[in-house]
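Here is a friendly walk through one protein model. Keep the structure open beside the text and look up each residue as it comes along.

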Amino acid sequence: MDSSRRSFLKTATLLAGVAAVPVTFMSREAFAAKVAKASMQYQDTPKGTAECSTCVQFIPGKTAKAKGTCKVVDGAISPHGWCLAYTAKS
Ligand code: SF4
């Protein structure tokens, strides 16, 4: 292999690696981003018997009545709230 071809391949490999870094970073950020309450039709009241305290996505607050957080929806979440992503604990 001549040196110019070797140099070209080396540069191309390096550029491909550099280009992949931001894509990987963005993918992780996009994956970690939560959804806005409005887009999930979040409400601070239960929907029938379904409420955040019985949802697999709910992360409880300091007490049973305190607001917690959600793995999916952004912001403070009432244990008695509900949204479209509700998934009952089994
Ligand atoms: S996914 Fe919806 S219902 Fe479940 S905890 Fe989060 S906000 Fe509440």
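Helices (H or I, at least four residues) and strands (E, at least two) are DSSP runs, numbered from the N terminus. The model is a predicted one: local features need pLDDT of at least 70, side-chain atom pairs count only at pLDDT 80 or more, and totals for chains, interfaces and linings use all residues. Residue numbers start from 1 along each chain as its sequence is written.

**The overall picture**

The protein has 1 helix and 2 strands, and from the N terminus on they follow the order α-β-β. A residue is called buried if 20 or more other C-beta atoms lie within 10 Å of its own, exposed if 12 or fewer, and partly exposed in between, with C-beta atoms placed from the backbone. Of the 90 residues in the protein, 14% are buried.

Two residues are in contact, or touch, if their C-beta atoms, placed from the backbone, lie within 7 Å. Among the contacts with a separation of 6 or more, 65% join residues 24 or more positions apart.

**The core and the ligand**

A nonpolar core is a set of buried Ala, Val, Leu, Ile, Met, Phe, Trp, Tyr and Cys residues joined through C-beta atoms within 7 Å. The largest one here has 10 residues in all, including Tyr42, Val73, Ile77 and Trp82. Tyrosine 42 touches Lys37, Val73, Gly81 and Cys83, not counting residues up to four places away in sequence.

Which residues are closest to the ligand? They are Cys52, Cys55, Phe58, Cys70 and Cys83, out of 14 residues that surround the ligand; here a residue counts as near if its C-beta atom, placed from the backbone, lies within 6 Å. Cys52, Cys55, Phe58, Cys70 and Cys83 also belong to the largest nonpolar core. The shell around the ligand divides into 12 nonpolar, 2 polar and no charged residues. In this grouping, Ala, Val, Leu, Ile, Met, Phe, Trp, Tyr, Cys and Pro count as nonpolar, Asp, Glu, Lys and Arg as charged, and the others, Gly among them, as polar.

Threonine 45 is exposed because it has 9 C-beta neighbours inside 10 Å. Leaving out residues up to four places away in sequence, threonine 45 touches His80 and Trp82.

Glutamine 41 also lies in the loop between helix 1 and strand 1. Most residues other than glycine have a negative phi. Glutamine 41, which is not a glycine, has a positive phi of about 55 degrees.

In the loop between strand 1 and strand 2 you can find proline 60 and alanine 64. Is proline 60 exposed or partly exposed? With 15 other C-beta atoms within 10 Å, proline 60 is partly exposed, whereas alanine 64 counts as exposed, with 9. Beyond its neighbours within four places in sequence, proline 60 is in contact with Gly68 and Pro79.

Lysine 71 sits in the segment after strand 2 (69-70). Lysine 71 is exposed, because 12 other C-beta atoms lie within 10 Å. Its contacts, not counting residues up to four places away in sequence, are Gln57 and Ile59.

The table lists C-alpha to C-alpha distances for some pairs.

| Pair | Apart in sequence | Apart in space |
|---|---|---|
| Lysine 71 and glutamine 57 | 14 residues | 5.2 Å |
| Proline 60 and isoleucine 77 | 17 residues | 8.7 Å |
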